Amino acid sequence: MELKQRNTKFLLIIFILIFIMVYKLSSGVLGLKSYNFMNKLTINNKLADKNIVLVVIDDKSLREIGRWPWKREYYLEIFDFFENHTKAKLIGYDGLITAPDTTEKKSDEKFFKDIEKYKKLTAGFAFSYDEFEKNIDKEKNKSLLKEKTAIKIIDRRTKKLEKTTDYKSFSALIEPYFKNINSLGFVNVPVDKDGYIRKASNLVNFENQFYPSLALRMYQKYTGIEEFILADKFLLGFSDNYSLKVPVENTSAMTLNYSCFYKSDDSIYSHKKYSAADIINSYRAIKKGQKPLINPQDFNNKVVFIGANANAQGLEDTGRTPISENFSGVDIQAVNFDNLVNNNYYRTASSSYTLLTTIFIFLLVFFIIGVFSIQQALLLSVIIGFLYGFFVYFMYTQKIALNLFLPELFILLAIGFAYSYRYLLENNKKRKIQTAMGKYLSQDVMQNVVENIDNIALGGKREDISVLFADIRNFTSIAESIDAECTTKILNEYFSALVPLIEQNNGILNKFMGDALLAIFGSSKKTENHALDAVQCADKMLKKVKYLQEKWIEEGKPKIEIGIGICSGEAFIGNIGSAERFEYTVIGDTVNTASRIESYNKIYRTNFLISESCYKRVEDLIDAIIIKDVVIRGKANKVNLYEVIRLK
């Protein structure tokens, strides 16, 4: 009893250690994979805001307007089109202008001078992990940046984070451009360790000053919200017509929030996309008094994001997102703005919630396997996995992101743990049955020795015999589906029915081995053909089992199938043991071969196989099918087996 308790504690410790190790190694990775999978699964019911559109410098633009790099006057044409010829609400430019165009100085001068005209425009800048260049006036650039970003943040976090971002600088824009541009926002996009973009950052704390993203700066202008509140778990903003409540993860560097991506027909853009070439050509047509290619009224009340993404000339700007491996960078900015305007964000479960959910599901499945039969337990486990998957799907539709794969993995882990434990318990139970049955039936075996009671001694002799080995199929599964008492009753009834058949056919029951039995023909009871005796006995056994199957099915008991293997040849028969305790048994290659032949019934889906040595002694008396060139463990050469179909 003490040993059993010690083994149980040891197994429990092993299970706990494996649980912790698997959880730590897989929780983060599976959380990210779950987010990707569920985004793709639920994306069909999420459409992007129709009032947000994209203008992309694409391959068509390079073909029609000119090779890259463009004159900066071309940008002015796009900006002027939306500022003065449409009723677009805002323009966002996802691009950096950090160096002058030395080949087009006049174009640059015009661009820097005219850029201040465009009040709807917000352009991008980027933070960097590199230090400012030595020729950059850091304080002057910081002062300009603060003026152009112009956002007020009230920090109401319960615990202020002292450390600011790891960024060491930001893109120092060309001075006249920096001075004249009206509005700026950063375009940095956080990338997870596996290379996917799942989150957006809308605030960066750079040297104790908060700066907004391009999307948040545009949202500020779009809504008129004058100040934002940064709380422990939310970024908040309020005006007469708008309210913002973004669930965020506060870090020392920035606020992060999970983005809600939208359906994409081409896996590149989720918002409606226009070619920059069509916009420029439409603008030029208007200037000439001609009909534009695109009607300016199409942009009434629209928010326009402008960026580059072309396969040619190194202009490809894409990122890996949950819904696409090459999602447009400018559309990522548009998605962030879309999320802000429509308060469309995912909230994520805490790590403690995920852990408790995983433990609960693990223990529930472990308990079910301990209580129910294999078929019932596996079915219930599948149902639990399905229900949890449906629950996660529903929560995603409510914008709550849960870890799908981690609890599902631990359902499999619970099945493995539970059945390993049950296997050990079942082996222990089977050993007990073997011991009990062996003690009870050893008297029957000894009955065959009674005739030589005066000559009992250790030792024996080699004899030509036939060995029959019969085994119950799937005994472990049967034992799991019923209690031990019922198992014992079935075994007793089974053995009680088969043992007399051995005696009736001149055989001797040598031993029981749990659910298997070993019988000998041709030793104590000499007959003309002991191989035929063994074959006839096996035939009757199979018929008796068929009768018992019908009987047990009517009684609601499990169906039992058996396999029989017979081998004829020499073996050692006699008393083996000590002076205090004998065992009358048979050993040798013939016995081992009979056992292994029986096991091939599982492979060939048969019930009755015999060796070639047995077949040669009964071939005129049976109908059989040959199974050629079988590899028997322990045999140097391949052998032939025979499936007995019927007795003639």
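**Rings, charges and a helix**

Tutor: To begin with a charge and a ring, K245 lies over the face of F234, at 4.6 Å from the ring centre; please keep in mind that this is a predicted model.

Student: And which ring does the charged end of K89 sit over?

Tutor: That would be the ring of Y222, with the charged end of K89 placed 4.4 Å from the ring's centre.

Student: Switching to rings with rings, how many aromatic pairs are there?

Tutor: The structure holds 44 aromatic pairs. One of them joins F362 and F417 in an edge-to-face arrangement, with 5.7 Å from centre to centre and 85° between the planes.

Student: What does that pair tie together?

Tutor: F362 belongs to helix α10 (residues 351–371) and F417 to helix α12 (residues 405–447), so the pair ties together parts that lie 55 residues apart in sequence.

Student: Is F362 buried or exposed, and what about F417?

Tutor: F362 counts as buried because its relative accessibility is 9%, which falls under the 20% cut-off, and F417 is likewise buried, with a relative accessible area of 7%.

Student: Now helix α4, which residues are buried there?

Tutor: In α4, which covers residues 105–114, the buried residues are S107, D108, F111, F112 and D114, and the buried residues of this helix pack against α3 (72–84) and α6 (175–180).

Student: Which aromatic cluster do F111 and F112 belong to?

Tutor: Both are part of one aromatic cluster, whose other members are W68, W70, Y74, Y75, F79, Y93, Y118 and Y177.

Key. Residues numbered from 1 in each chain as written. Predicted model: local features only at pLDDT ≥ 70, side-chain atom pairs only at ≥ 80, totals over all residues. Heavy atoms only, no water. Buried < 20%, exposed > 50% of the residue type's maximum accessible area, 1.4 Å probe, protein only. Helix = DSSP H or I, 4+ residues; strand = E, 2+ residues; numbered from the N terminus. Contact = heavy atoms within 4.5 Å. Phe/Tyr/Trp six-rings, centres within 6.5 Å; stacked < 30°, edge-to-face > 60°. Lys NZ or Arg CZ within 6 Å of the ring centre and 35° of its normal.
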